[in-house]
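Student: I'm new to this one. Could you show it to me and help me see where its labels come from?

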Amino acid sequence: MKQYSDLEYLKLSKGNKFLYRLGRFFTGIPVAIGRLFLKLWELLKKIGLSIGRECADIVNTFIHGDWKTKTSFFIMGFGNLARGQILRGILFLLFEIVFIGYMILSGGYWLRMLPSLGITGPSEEYNEVLDTYVTKYNDNSFQILLYGVLTIFFIVAFIYTWRVNVKQNKLAEQILKSGKKLKSGKDDLRSVVDDQFHKTLLALPLTGILVFTALPIVFMILVAFTNYDGTHNGYTNSLFTWVGLDNFNTMLSWTGGAGGTQSYAATFGEVLLWTLIWAFFATFTNYFLGMFVAMAINKKGIRFKKGWRTILVLTIAIPQFISLLYVSKMFAKNGIINGTLMSLGWIDKALPFWEDATWARITVILINIWIGIPYLMLITTGILMNIPADLYESARIDGASGWQQYRKITLPYMLFVTGPYLLTSFTGNMNNFNVIYLLTGGAPTNPAASSAAGTVGYTDLLITWLFKITTGAESQYYMASVIGILVFVVVALISLIVYNLLPSIKNEEDFR
Amino acid sequence: MGLKASRTISNTLIHILLIVISVVWLIPFVCILLQSFRVESTGPVGYVVPQQWGVDNYTKLFQTDFPRWYTNTFIAALVTAVLQTVIVLCMSYTLSRFRFKMREPLMRFMLILGMFPGMLSMIILYRVLKDLGLTQANAVPGLILVYVASSGMGYYVSKGFFDTIPTSLDEAARVDGATRAQILYKIILPLSKPIVIYTVLTAFMGPWGDYVFARYISFGTSAGKNVAVGLYDWLNKDQIASSYTMFCAGGVLVAVPVTVLFMFLQKYYVEGVTGGAVKG
C-alpha cells in the first residue's frame, strides 16, 4: 500500500483518511510479524556470539592463568581460598559439593529416566504375609518429569556459577597484579546491603517466581507432549509417556467426532472467536462507559461528587464471587428479575437469560459492565483531571461543541495515555475466568462440541474450558496444556502486533 | 440566559442518571441483605422483600462448616497481606531504583511469564503440595504459599509509585554515607505510606475472592475450603433449594468486614489505582 506524506494525508477527505489508516493498519501486520522474526534472529545471533566470546574467554583464562586459577577450574573456590577470600571460597566449594552429591544420589536417575518417563508401571505382586496380591508402585512419571526439569535447571545454575567462579579468578589475578587489595569477607557482607543490595532484595521474590511460576509453566508445556491424564497419572494407575505432537494434531484436526459432532478444531475456533469477541466488548464497553460516568461526575455543577464516587467504589470492595454468584441467580429462570417482570405483567414467560446462547452472551457482557465501571471510573477520573484546562478553554472560544471537544481533545488524550492499559485489559479479559465461570459456568452447553474434552458451553472462554478439562472426569491434562499454550500464542501475538503498531498509530492520530 | 438554561437541564439529567446508576449498582447488595433475613423459605424466589423476617439463616450458618471456611480465609488473607506486601515492595523498589544489567531482561521475562494462563500451573502445584501434605484439610498454608510465591509479578503499580519519588533524595543520602539498605528503611519507606497501605489492602482482599486455587487445593474437603468455594457449592443444583438464603447470609458476613476496612482505606486505594494502574 502506498504511503502518503503528511501533506497528502491531510488533503484526503474524512472517509479516505479512515480507509487509509485502516489499510495501513492491516498492511502493517505482516511487516510487524516480519520485524518480529528479524528481531528473534538478531537475538539468536547475539546469544550465539556471546557464547562464543565466553568460551574463548574461559580458554584464555585457563591458558594464561596461574596454578591457583587452573585448580579452580576443577575445585571451585580454590582460587578464592588460596588468595584469602575465605567466605566466597567456602560458598563456591559448598555449592560444588552439593551439586555433585545431588547428581550422584538422585539427579542422575531423573535425567536417565527423562527420555522414557519411567519404565515399569505399578504391578500386582504376591505378598506371602498377607497371602494376597498387592499393588506395588514403581516408577513415577510425574516425579520423573518434575525432577528431571528441576535437575536441568540445577545444571544450568551450576554452569553459571562455575563461569562466575572462573571469571572471579581472572579478576582477582588482575587486581593482585596491579598491586591493589582484594575484597575481604567483611566487604562482601557489607555489599549485601549496599552495592549488591538489589540482589538481596530480589532473591526471595525471584525464587518464588522461578519455583512457583516458571517451573510449573515449563512442566506444563512439556505435558502438552505427553499423554498425562486421569487414567495415566504416572504413578497409581499407569505411567504416561511422550507422544510428540499428537495432542496438537488432535486439537487442530478437522475430522468430526462420533454422532455428527464437530471436530476439535471447529470447537476450538468457536471458543476462540467468542473469547476474542468477549474480550473486545468487555474491554471497550467498560472503557467508554466508565469514562462517561467519570465525566458525568466531574462535570461542573454536579453535586455530591464524592458521594457518587463512594457508592461506586464501595461495590469494588465486595468480593466478586458474592456479587457475581448472586447476580447470576437474580437472572435465573425463577430469579428476581424474571419474577419482578412477571408480577409487573411486562412478560408472561421467563426470559431465557442463561438458557439461550445469544441471550447468555449478551447478559454476561452487560453484567461485566456492572462489574467493571466502578474500576474504570476510578482510573479515568485521575487522567481526565490531568488534561490541561486551557485546551478546553481555547476550544470553547473557537466555538467547539461539547461533542467536538470530546472527539478532538478528551478521546485522543485518553487513548494516548491509556493505550498500554487497554492492551493489558484486553488480554486480561481474554483470561477473565471469574466473571464467566461464576456467572454461567460456560452454560448453555454446546451439544455439537461433545467430542471435545470437558463440556464446552456457548459462553465458555478458552480459560474456563481449560479449567473444566482439568477438573472433569477424564482430566485430560495434556489437552489443557495444549489450550494453555495456544492461549499464550494468541495473547503474545496480539500484544506484539499492538505494541509494534502503537507508535505508528499515535503519529497518525490528529493529536498534538 | 439560554446557555444557562441548557446547562441546568443537562445537569438535572445527569443528576437523574447518577441516581439511576447508584440504584442499579446497589440493588443486588440490598437484595442479598434482604434475602438473608427471609425465613419463610430457603430457596431462590422471584420476590425481594421477605414475608417473614428473622435471623434463622445466620444462626444456621454456625451449625455448618462456615465458621471454619471463614477462619481459613481470614488467616490466609492476613498472612498473605503481610508477606505479599514485603515481596511486592522488594521487587518494585528494586526495579524502580536500581539499574543493573539483568533489569530489562528480567522485566521482559516476567511479562512473558504473565502471558501464560496461571491456572495451568495449578495442576502441578496441586500434586507437589499434596506430596508436602499441604492440601485438603491443611489447605491454608498451601494456599498462602501459592498466593505469596508468585506475587512478585504484580509489581507494576508500586513501581509506578516509587518512580515518582525523586532520586535526588537517594543521592543526597549516598553522599552522607548511607548504605542502600539504610536509604530504603530511613528515607523511602516513610514516604511510601500510601503505596504500602494500597498493597496491603489489595493483598488482603485477594484471598477473599479467590475461587480457582482454593478449589484445587481444598479438593472437596470441607475443612480446607475458603468462603468462595464453600458458598459456591451451596448454589449447586442439589443444595440451592435448602441453602440459598444461607448463601445470602454468608455473603453478607463476608462482605461486611472487607467493605468496612475498604471504606476506611478508600483514599489509598483510589490513589494507588489512579496513580499506578495506567503506567502498568
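Tutor: Let's start with a definition: two residues are in contact if their C-beta atoms, placed from the backbone, lie within 7 Å. In chain A, among contacts between residues at least 6 apart in sequence, 63% join residues at least 24 apart. This is a predicted model, where local features need pLDDT of at least 70 and side-chain atom pairs count only at pLDDT 80 or more, while totals for chains, interfaces and linings use all residues. Residues are numbered from 1 along each chain as its sequence is written, and chains are lettered from A and ligands numbered from 1 in the order in which they are written.

Student: Why is B:Ala81 called buried?

Tutor: A residue is buried if 20 or more other C-beta atoms lie within 10 Å of its own, exposed if 12 or fewer, and partly exposed in between. B:Ala81 has 20 such neighbours, so it counts as buried. You'll find B:Ala81 in helix H3 (residues 66–97) of chain B; helices (H or I, at least four residues) and strands (E, at least two) are DSSP runs, numbered from the N terminus.

Student: What is B:Ala81 in contact with, leaving aside its neighbours within four places in sequence?

Tutor: B:Val200, B:Ala203 and B:Phe204. As for B:Thr202, its C-alpha is 7.8 Å from that of B:Ala81, although 121 residues separate the two in sequence.

Student: How do you know that strand S1 of chain A pairs with S2(A)?

Tutor: Two strands pair if DSSP finds at least two bridges between them. Strand S1 (residues 123–127) and S2(A) have five, in the antiparallel sense. One of the bridges joins A:Ser123 to A:Lys136. The two strands form a hairpin with four residues between them, and A:Asp131 in the turn has a positive phi of about 55 degrees.

Student: Why does strand S2 of chain A lie largely in the open?

Tutor: Strand S2 covers residues 132–136, and none of its five residues is buried, so the strand lies largely in the open. Across chain A, 30% of the 512 residues count as buried.

Student: How do you know how chain A's radius of gyration compares with that of a compact globule?

Tutor: Use the rule, 2.2 Å times the number of residues to the power 0.38, with the radius taken over C-alpha atoms. A compact globule of 512 residues would come out near 24 Å, but chain A has 31 Å.

Student: What makes up the place where the chains touch?

Tutor: 78 residues of chain A are in contact with 68 residues of chain B. Helix H8 (residues 197–223) gives the most to chain A's side, with 17 residues.
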